[in-house]
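Subject: A structure to look through

Dear colleague,

I am handing over a structure that I would like you to read slowly, with the sequence and the model side by side. My notes on what was found follow below it.

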Amino acid sequence: MQEAQKIQTEALAQIEAANDLSALENIRVAVLGKKGAITEGMKTLGSLAPDQRKEAGATWNAVKDAVASAIESREVVLKRAALAEKLKTETIDISLPVKPETKGAVHPISQAMEELLAIFSDMGFALAEGPDIEDDFHNFTALNFPPGHPAREMHDTFYLPDAADATKRLLRTHTSTVQIRAMQEQKPPLKLICMGRTYRSDYDMTHTPMFHQMEGLVIDTETNMGHLKGCLMDFVRSYFNIPDLKVRFRPSFFPFTEPSAEMDIGCSRKGGELKLGQGDDWLEILGCGMVHPNVLKNCGIDPEKYQGFAFGMGVERVAMLKYGIPDLRTFFESDLRWLKHYGFSVFN
Ligand code: PHE
């Protein structure tokens, strides 16, 4: 059994001398590993006579325990030393300023909505809000899209499972839903805008399944098409910051307005470059019209007494034009480099 004692003495000396964790691990393998000295020694027990085996077995077990516990305590010491060393080299100065490259920026959508809100607030419009998840009535029926009307097909609607009371639910395809809610809840005269997310099943350079709209509604006893034109002319001139920006109105169709129009602004496309406010070309910017009497009736407003105008535009579209952003899809890719380039300072 001198063999076992010798292995123990040597191993304990080596363990004591080991000054890092990998040296300690090498010792553990050499002594206690599958082919380690103690493991090999214990394999010889089988060839001994039973009474000798008992004594030798106890010795080897004692040696094994002594070495294992020596390794364990040495490991604690070495781990503590390694941690202390690591902490010494990895100290951080928490008084340093936050890294400038992780700074955020205001997204162009938020910026555009702030600007739109500022312009229309100055003109006396109030902000109204409504839910993204809507029902068929507020999104279509109340807006004079009767069930089965072909204009419904143009909206590529995302339908949701019917509500418990069998109402058809959907993701709103336009913010006109908010105007219906406002007309149902408030008494005219009304002068409000709304903006927010809208959803249509479409995806390419100029369409994303979620986008933003801004709409306006004015209802009063004498509101007419002249008011609509003046209001929208003031708006585009102020938004694009071009005081003499030319505009024109083209006849169009929306089920909820009659007459309906699309407004274009003057631009030039010479040399493939779009410049607003110069040249003889036109660029479509928004849809508008006089609120259809059926819509007023659907919301409990007397069309013999009240009339009004409405308009609607894509927030991304006016943001792209103003800030020179070429691809709509990039708005929603959450690429920090893009945001750094097109984003705005909070102080702006
Ligand atoms: N809601 C219309 C759309 O999504 C836009 C619009 C609003 C047009 C109000 C006219 C008047 O296309």
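How far is an oxygen atom of the ligand from an N or O atom in the side chain of Gln213? The distance is 2.9 Å, which falls within the limit for a polar contact (a pair of N or O atoms within 3.5 Å; within protein, one must be able to donate a hydrogen and the other to accept it, and residues adjacent in sequence count only if both atoms are side-chain atoms).

Before going on, please keep in mind that this is a predicted model, in which local features need pLDDT of at least 70 and side-chain atom pairs count only at pLDDT 80 or more, while totals for chains, interfaces and linings use all residues. Residues are numbered from 1 along each chain as its sequence is written, and side-chain values use heavy atoms, with hydrogens and water left out.

Aromatic rings

A search of the whole structure finds 14 aromatic pairs, where rings of Phe, Tyr and Trp (its six-membered ring) pair if their centres lie within 6.5 Å, and planes under 30 degrees apart count as stacked, over 60 as edge-to-face and the rest as tilted. One of these pairs is Phe125 with Phe311, which is edge-to-face, at 6.3 Å centre to centre and 80° between the planes. Phe125 lies in the loop between α5 (108-122) and β1 (126-128) and Phe311 in strand β11 (residues 307-314), so the pair ties together parts that are 186 residues apart in sequence; helices (H or I, at least four residues) and strands (E, at least two) are DSSP runs, numbered from the N terminus. Both Phe125 and Phe311 are buried, where buried means under 20% relative accessible area, exposed over 50% and partly exposed in between (1.4 Å probe, protein chains only). Both also belong to one aromatic cluster, together with Phe120, Phe235, Tyr239, Phe240 and Phe309.

A buried histidine

His212 lies in strand β6 (residues 210-220) and is buried, with a relative accessible area of 7%. The side chain of His212 makes a polar contact of 2.7 Å with the side chain of Glu316.

Backbone details

Most residues other than glycine have a negative phi, and most peptide bonds are trans. The peptide bond from Pro188 to Pro189 is cis, with omega near 5°, and Pro189 lies in the loop between α7 (176-185) and β5 (190-199). The bond from Glu258 to Pro259 is also cis, with omega near -5°, and Pro259 lies in strand β8 (residues 257-268). Asn241, which is not a glycine, has a positive phi of about 60°, and at 65% relative accessibility Asn241 counts as exposed.
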